[in-house]
Amino acid sequence: MAGDRRRAVRRVLVGTLVLNVLVVVLKVVVGLWTGSLSVLADALHSVTDSLNNVLGLVTNQLSSPEPDRDHPYGHQKFEAVGALGIAAMLGIACFEIFKGAIDRLIQGIKPMEVGSTDLWILLLVLGINIFVAFYERSVGRRLQSPILIADAYHTMSDIWITISVLVGLLGIWIFNWPWLDVIMTFPVALLVLWSCWCVLRDNLPWLVDEVAIAPEAIHQVVMEVAGVVNCHKIASRGLLGRQVFIDMHLIVEAQDVKTAHDITEAVEAKLEERYAPVRITIHVEPPSYHEEDITYRQPT
């Protein structure tokens, strides 16, 4: 099943790579044709789209969920690392866009010629971006793939960027306002920066092992199992719906090892039913043990 998921992610990445390369070519043609800084900045952003697809293909190949001797918890965090690579590329693109706009302001704004053909090409680009973003996001959510969801965020920013660029070129075409091209470059950069933040926000918690499930929720599920006296030192990490790891200390009402084992098996089955896929580690303690706190202390 995991292999099938990775193959599905790979097919999406290859398809979007082809479309993103086409988008880059079209934007570069329009940018060089018109001399538009905002279009060239948009093309630079689209170059990172293509690089992201390549990065996604590499990390997808490495991100097998199956454990091995060197990676006993699987390799899934490689996808989150790939998503951070996307965030880094977005940050670089943002810097280059700002730098280009400031250089143009310092050097002086030159006249531009914009034709209806340029606008039609950008409308085609916009349509491609809309298709890629919604398709990637849909498949990414269905497959629980961080790399596809992150790339969809990136492409969503491309949609707004292309719309901003179109507005600027329309102003130049209709009113002959060449300064509008430089002005529209700044919202392009801000949208790229926002996409960078969204990718970081969604992937850093996974990489730093932030809690995946509230300890109180796990405690409530576990206490429904017959033979459980209490559980404490509950910890969880991972990505809910993808792979979660749960650790806990379990106090059980049992006089022999077999009874204690049966109770822990029932606890694992209950948690698996609620939060699958999940890997659970349980430390069993006797009924005489007492502990009031169900989780670790809050950081000071």
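UniProt positions are given here in the numbering of this chain, feature names are shortened, and annotations may be inferred rather than shown by experiment. The UniProt annotation "domain: Cation efflux protein cytoplasmic", from an unreviewed entry, covers residues 216–286. The structure is a predicted model, in which local features need pLDDT of at least 70, side-chain atom pairs count only at pLDDT 80 or more, and totals for chains, interfaces and linings use all residues. Residues are numbered from 1 along each chain as its sequence is written, and side-chain values use heavy atoms, with hydrogens and water left out.

The span 216–286 is 37% helix and 42% strand. Its end C-alpha atoms lie 22 Å apart. Helices (H or I, at least four residues) and strands (E, at least two) are DSSP runs, numbered from the N terminus. The unreviewed UniProt entry also annotates residues 12–33, 119–136 and 157–176 as "transmembrane region". Residues 119–136 are 100% helix and 0% strand, with end C-alpha atoms 26 Å apart.

The chain divides into domain 1 (1–208) and domain 2 (215–285). These bounds come from an automatic or database domain assignment. The C-alpha centres of the two domains lie 42 Å apart. Contact (heavy atoms within 4.5 Å) links 10 residues of domain 1 with 9 residues of domain 2. The area buried between the domains is about 840 Å². Carbon and sulfur atoms give 47% of that area. In domain 1, Tyr 73, Gln 144 and Trp 206 lose the most area to domain 2, together 59% of what that side buries. Buried area is the accessible area (1.4 Å probe) that two parts lose on being put together, summed over both.

The largest pocket has a volume of about 380 Å³. Its lining comprises 20 residues, of which Gln 144, Pro 146, Ile 149, Asp 202 and Leu 239 are the closest to the pocket centre. Helix H5 (146–175), helix H6 (179–207) and strand S1 (228–239) are the elements that give two or more residues to this lining. H6 gives the most, with 7 residues. Both domain 1 and domain 2 supply at least three lining residues. By type, the lining holds 12 nonpolar, 4 polar and 4 charged residues. A pocket is an open set of points on a 1 Å grid over the protein atoms alone, where a 1.4 Å probe fits, with protein on both sides within 12 Å along at least five of seven lines; lining residues have an atom within 4 Å of a point. Volume is the space filled by probe spheres set on the points.

Conventions: Nonpolar A, V, L, I, M, F, W, Y, C, P; charged D, E, K, R; others polar.
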